Amino acid sequence: MASLLESGWQYLITHFSEFQLACLGSFFIHEGVFFLSGLPYIFLERAGWLSKHKIQPKNNSPAAQEKCITRLLLYHFGVNLPVMLVSYPVFKHMGMKISLPLPPWRVVLAQISFYFILEDFVFYWGHRILHTKWLYKHVHSVHHEYATPFGLTSEYAHPAEILFLGFATIIGPALTGPHLSTLWLWMVLRVLETVEAHSGYHFPWSPSNFLPLYGGADFHDYHHRLLYTKSGNYSSTFTYMDWIFGTDKGYRKLKALQSDEDERISKKM
């Protein structure tokens, strides 16, 4: 497996420049993973399949879904791509590498774990600041146009928010100067996580059923359907920041009430 990965990487670095791989390669990998993982939730919602796993019964109209996709393409090509191009000298200066050999898995695991921890911390405070009155009204309210989120709404946001919260995603790699392959893996995992958190579905196989402190769709859906001043649940991937600062109390109270109700129903049966 390792030799296969290295052979594939050898092909990439032989046929493409570092700039092409770091900027254009990263952009197209992001677009592919984002849309391929997010579009199925639109089809599920329209077809009504697996509706028993849908968190909110309300569906988005086709017009609302199409508006989201159109705006996303505009934001991605008008904001994300330029940011990737501008960021290249920064990552180059911080020590980003593309040469062989590929980094050992223990190094990759350590770096990815660090990125998740740091991103959760920075994202929590950035997200919480965006829920102050002025910033919510003028910036963050764009993201909350969809009270019933679906996968692609994860990146539907005001351009200022894209830059503001995007900092949380890139600060870890900027500090460590990882191999480009590690950066790509981090990007893929982060995209898959945020799409799942906005999916609007909680399945038996959802990561939050298996990973301790993982937020997931049920946790984040609560954040979208409440008023901005009372929502809480500001965390990104893992929920430890909300637990530490008590901003998930409403959610935990709701889950406790639901658990009690389920227990009463099961006793009656």
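1. Let me start with R225, which is partly exposed, with 33% relative accessibility. Please keep in mind as you read that this is a predicted model. The side chain of R225 meets that of D221 in a salt bridge, with 3.0 Å from N to O. D221, by contrast, counts as buried, because its relative accessibility is 1% and the cut-off for buried is under 20%. Both D221 and R225 belong to helix α8, where four residues, about one turn of the helix, separate them.

2. While we are on charged groups, E119, R190 and E193 are worth a look together. Salt bridges with shared partners join these residues into one network. R190 has another neighbour to check on your screen: its charged end sits over the ring of F123, 5.8 Å from the ring centre.

3. How many salt bridges does the count come to? The total is nine. One of them pairs K92 with E18, whose side chains meet at 2.7 Å, N to O. Because K92 lies in helix α3 and E18 in helix α2, this pair ties together parts that are 74 residues apart in sequence. K92 is partly exposed, at 44% relative accessible area, whereas E18 counts as buried at 16%.

4. Helix α8 also takes part in a link to a distant part of the chain, through D218. The salt bridge here is between K255 and D218, and their closest N and O atoms are 2.9 Å apart. K255 is in helix α10 (residues 249-268) and D218 in helix α8 (residues 216-225), so the pair links distant parts of the chain, 37 residues apart.

5. H198 is placed in the loop between α7 (180-197) and α8. H198 is buried, and its relative accessible area is 5%. Its side chain is joined to that of H220 by a polar contact of 3.0 Å.

6. Now to the aromatic side chains. Searching the whole structure gives 22 aromatic pairs. Y124 and W125 have ring centres 5.1 Å apart and planes at 85 degrees, so they form an edge-to-face pair. The reasoning rests on the angle: planes over 60 degrees apart count as edge-to-face. Within this pair, Y124 is buried, with a relative accessible area of 0%, while W125 is partly exposed at 31%.

7. What do F114, Y115, F116, W186, Y214 and F238 form? These six side chains make up one aromatic cluster.

8. W49, L50, W205, F210 and L211 make a nonpolar surface patch of about 620 Å². One of its members, L50, is located in the loop between α2 (18-47) and α3 (62-93). L50 counts as partly exposed, with a relative accessibility of 38%.

Conventions. Residues numbered from 1 in each chain as written. Predicted model: local features only at pLDDT ≥ 70, side-chain atom pairs only at ≥ 80, totals over all residues. Heavy atoms only, no water. Phe/Tyr/Trp six-rings, centres within 6.5 Å; stacked < 30°, edge-to-face > 60°. Buried < 20%, exposed > 50% of the residue type's maximum accessible area, 1.4 Å probe, protein only. Lys NZ or Arg CZ within 6 Å of the ring centre and 35° of its normal. Patch = residues over 30% accessible without salt bridge, like charges linked within 9 Å, V, L, I, M, F, W, Y side chains within 5 Å. Areas by Shrake-Rupley, 256 points an atom, 1.4 Å probe, with all protein chains shown as cover. Salt bridge = Lys/Arg side-chain N within 4 Å of Asp/Glu carboxyl O. Helix = DSSP H or I, 4+ residues; strand = E, 2+ residues; numbered from the N terminus. Polar contact = N/O pair within 3.5 Å; in protein donor to acceptor, adjacent residues only side chain to side chain.
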